[in-house]
Structure formats: C-alpha cells, structure tokens
Amino acid sequence: MTHSPPQIAPRSHLPTHEVENQPAARTGADLWQTDPMLRHYAQLSGADQAALRSYGARMGSADLREAGAESNRVPPKLETFDRTGRRIDEVRFHPGYHALMQTSLTAGFSAAPWEGETKAGHSQHVAMVYMASQVEPGHTCPLVMTYAAVPALAANAPALAATWGPKLTARAYDTTIAPIGRKSAATMGMAMTEKQGGSDVRANTTRAVADPASGEGAYRLRGHKWFCSAPMCDGFLTLAQAPEGLTCFLVPRWLEGERNAIQIMRLKEKLGNRANASSEIEYHDALAYRVGDAGRGVKTIIEMVHHTRLGTSVAPAGLMRGALAEAKYWVEGRRTFQRRLIDQPMMRAVLADLALDLEGTAALAFRLGRAFDSDSDADRAFARIAVALAKFLGNKLCPNVIYEAMECLGGVGYTDDTPLPMLFRESPLNSIWEGSGNVICLDVMRALARDQAAREALQNALAAVAGESRAYDAALATHLSRWPGLPDEGEARWFVESLATLLTAATLLTDAPAAVAGGYIATRLGETGRGRVYGAVSGLETDAILERL
C-alpha cells in the first residue's frame, strides 16, 4: 500500500506569515524634506537651502543608506604587506564608504565654510554633519578633521596652507596614492594621543629632530601614536617633542616617489564607528613640517580642536534624529490595543519628551554655527565657551535618547535589521573624542577663569532672555546663588550641566516655537522636572512638539 506525500502549500501562501501590523521596511527617506526642524534652523542660520536640499535627498536615499549599512557590516581591513613582502600599510574600505565620502566631499561638507562666497558656511557644515550622522557617522570623522585643519594651517603655517589649503577645500574625492602636489583633493587626519598620556598630551614622548636638508621647517619624527584617526588621509596633524618642547607638525603620508616612514601597527576594534578606520601608528623618522612656533604645540593645534568640537556638538543631534525618525515611523504604522501606537497617550508623552532633548541639542548646535560664521569678537568669544558646553550636554543625553527610541520599536529595534543598534553603538563616541566629559568640564572652568571675553559672552547670552520665562529666570537665579563664582572641581560636572541646560533653554526661547521652549524649560528647569525617565511628565503641548519630528 502506498501513501501519497502530504500536500504542502507554497511558502508564499502560508497564512502564518502574513504581515499585517508592521510598517513596510523603511529603506529611504529624504533627510531635508522630512525634517521641519532642520529646515527651520537652516533658514534661521542663513545656510544654503538649495545645497542642503540636494544633499539631504542624496544622503537619505535608499542606495546611500544601504552603502552606510554595508560599510558597517564589512569593516576596513589593513593590508600591511603586498604579496611580495613589501610593506604597503594600506587600508581597504567597502565601496559604500567611498560612495559616502564622494557624496559628502563633493557637496561641500569640508569646503563650504572656507569658500569666500558662502556667508553661512559653518551653518551649512552643521546641517551636513547633522544629516550625515543619521545615515553613516563613521565617514564624517575624516571630513570633520579636514574641515578643521584649514584654519589651523592658515593661522600657523602660511606656506603649508598655500600648498594644502586648496586641496583640503576642493569639492572632490581623490584616493590616488600620490604626494600632495599631484592630488586634485586631499583629506587631513590627526594623531595626538599616546599610551602614557591620553588627554595629557604634554606627556607625549614622540621625538622631533630638525632636518634642514629636507627643507625649511622640516623635521624627522620617531614615536608611537595610540590613536590615529583615518590613517588613509593624505596628511596628519600631530604632536611631538622638539628641543623647545611640545610642537605641532604636519606629516604627509606620501613623499615624492616614496611612502613616508609611517607604519600602521593595527586597526582598532571598536564598539561603533565601524566604517571608519582608527589605528595605531609608528613614525620611523617620518618627514614632517612644523606648524606654528616650536614649543607651542597645544596652542597651535587647539584651533583644529576648536573646530572639530563643533562637529562633536552637532553629531549627537544627528544620531538622536536618526533614532527618533525610526521610532516615529514605526509607531505611526503599528497598532496595539485597537489604536495606533502614535495615538497612545503614554507613547506620545515619551516621544515628545525625547524630541525636546533632540531640539535643544540641535538648536544650540545651529546657534554655534552662526557664531562660527560671524566675524564679531563677541560671537567668537561665545563660540569658544559654548562649543564646550554644547558638546558636554548633547553627548550625555544622546545614548538614553537612542535607547528610548529603540524601546519604542520593541524587539525589532534591538536587531541590526534597523539602524538603531548602529546609532546606539555610535552614541558614546563624540563625548570621548576631542575631550571626554571631565576634560570638557575642566576646559569650561579654565575658560571662565581666564578668558574674560568668553565669560562675558556667556553671561550676556544667559541674561538676554531675562523676563521671557519666570521658570527660566528662577532657574538662572538658583544657579547664580549656588555658584556665585566657580565651584570646586568636584562639583564641575554639576555646574557645567546646569550652565549648558540654561544656555540651551535661552537658545530655545529665542529660536524655537513657544511650545518647544516652554516644554523644555518646564521639564528641564522647572521645579517639577521630569526626573530620570522620559515621558514622566504631563501638560506638554505634544502635538506642537511632535510636528517638529
């Protein structure tokens, strides 16, 4: 007796796999058109909206999002030797990384602030960092450093600036292995940190010896660098000990006819920032050119650090926006208990509360962009102190905002099918880069003690909105009564957080809709503050706040 096999329905017809309560996969979304908050601040800052419209459409496209995802899945690979045993020290990247670099550089990510006809170039840069960070943050590392190297060279090394400046500000991406004179465009990295010093760069042991035979200002460097960001850049600003003391140098990766004596020891395996290569390197009598006065290395490179801190101030806003955009898309397309998630009161309260930290961080970053764009001494002084405050607060808020956005999606938000794990892994980086929290607090304390112009600029910014909000006035009075001067170092974090939150509130009072400013002040400064969890407040104008997402 024979038995016929059971009839099995084709897989596509299996009723158990019908997807009825999940929105379609979010593959692409125009970063400009879908973000009313971005358009508001870009217009307020006078940034080139046509350029940003084009960049947002391209960066948010499905193919570039996939390029970003793939360049994180397939991290860079170090090839130390070629097949014949010759040392090459080359890093190979996924093609998606190069597509992102090409898109951002040709759009003016690094160049716009230094082009004479662009009056709001730093604000445009802020907007582009914000958008790029939502899609693939790793590739912004060499772009921000390239942007920041331009003023450091211009202020301290006119001859080097004449050679390197036009290549660093070219709207092009040139991966050619060649010295600077034969490149159509160039990128600049940074190598400061050493094992024994960390933030204390004066403890660096890399040595610099003058080499007059190689040209004016030429030296040979020997030493190890614990972190070299983006080792495939065309040059690196670095610190080394000359006979006069710690000095800044430019180290080209390629010389005429040969590689410079820079060896990549290994690539770092990192929590996030996976598309970007971070490395340990050694200088073996590498040729370098002095930037600035001998023995004044910290003073020289601080101009670059000042500008890279602008990037680390706006990047957390981009990461938060990327996460909240995913959360909003999901809760608008999923139903539970007979209602869409977005219509559930508790979900709306959580999203609105999260949106306040996003908008506060973004508003302060764009205000910084305007200050960087300005030629006034007062705005420059404001930028010096405010960039540290913005960097500190935005990056402390970022991980929790992204985690809460992840929770809005539930289990799927914990999977790499969505960008949320990538954004979460990235969230601690900008707080660590260019000065961790404690270093930033010490910088703020030092600036307030020694820089009268910066101190007055901050005081004026906080006083400018007096009378606009009773809760703000009361919070400012409380801050001033607690700290009539500078606090002891043990209270520095509390002090800096308070200052940064007050400055954010003041910025929102002048630049944001009333519902946003009022909600932020009520929940961050008021006596009934939200405590340690999001959504634990009521009375917010949630509709008006969520319209900004």
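Reader: Is the crossing in which α8 passes α9 left-handed or right-handed?
Author: This is a predicted model, in which local features require pLDDT of at least 70 and side-chain atom pairs count only at pLDDT 80 or more, whereas totals for chains, interfaces and linings use all residues. Residues are numbered from 1 along each chain as its sequence is written, and side-chain values use heavy atoms, leaving out hydrogens and water. A crossing is left-handed if the near helix is turned anticlockwise from the far one by less than a right angle, and right-handed if clockwise. On that criterion, the crossing of α8 past α9 is left-handed.

Reader: What is the relative direction of α8 and α9?
Author: Helices (H or I, at least four residues) and strands (E, at least two) are DSSP runs numbered from the N terminus; axes are lines fitted to C-alpha atoms, for helices over the stretch in contact, and angles run from 0 to 180 degrees between N-to-C directions. Helix α8 (residues 297–333) packs against helix α9 (residues 345–373) with axes 9 Å apart and an angle of about 155 degrees. Because angles under 35 degrees count as roughly parallel, over 145 as roughly antiparallel, 65 to 115 as roughly perpendicular and the rest as oblique, α8 is, relative to α9, roughly antiparallel.

Reader: How many nonpolar residues has the contact of α8 with α9?
Author: Contact means heavy atoms within 4.5 Å. Ala, Val, Leu, Ile, Met, Phe, Trp, Tyr, Cys and Pro count as nonpolar, Asp, Glu, Lys and Arg as charged, and the others, Gly among them, as polar. Beside 5 polar and 2 charged residues, the number of nonpolar residues is 17.

Reader: Is T308 buried or exposed?
Author: T308 belongs to helix α8 and touches V144, M145, A148, M190 and E434, residues up to four places away in sequence not being counted. Buried means under 20% relative accessible area, exposed over 50%, and partly exposed in between (1.4 Å probe, protein chains only). Since its relative accessible area is 0%, T308 is buried.

Reader: What is the phi of E434?
Author: Most residues other than glycine have a negative phi. E434 lies in the loop between α12 (429–432) and α13 (437–450) and is buried, at 8% relative accessibility. Although E434 is not a glycine, its phi is positive, at about 60 degrees.

Reader: What is the relative accessibility of F337?
Author: F337 sits in the loop between β12 (335–336) and β13 (339–340). Although not a glycine, F337 has a positive phi of about 55 degrees. F337 counts as exposed because its relative accessibility is 68%.
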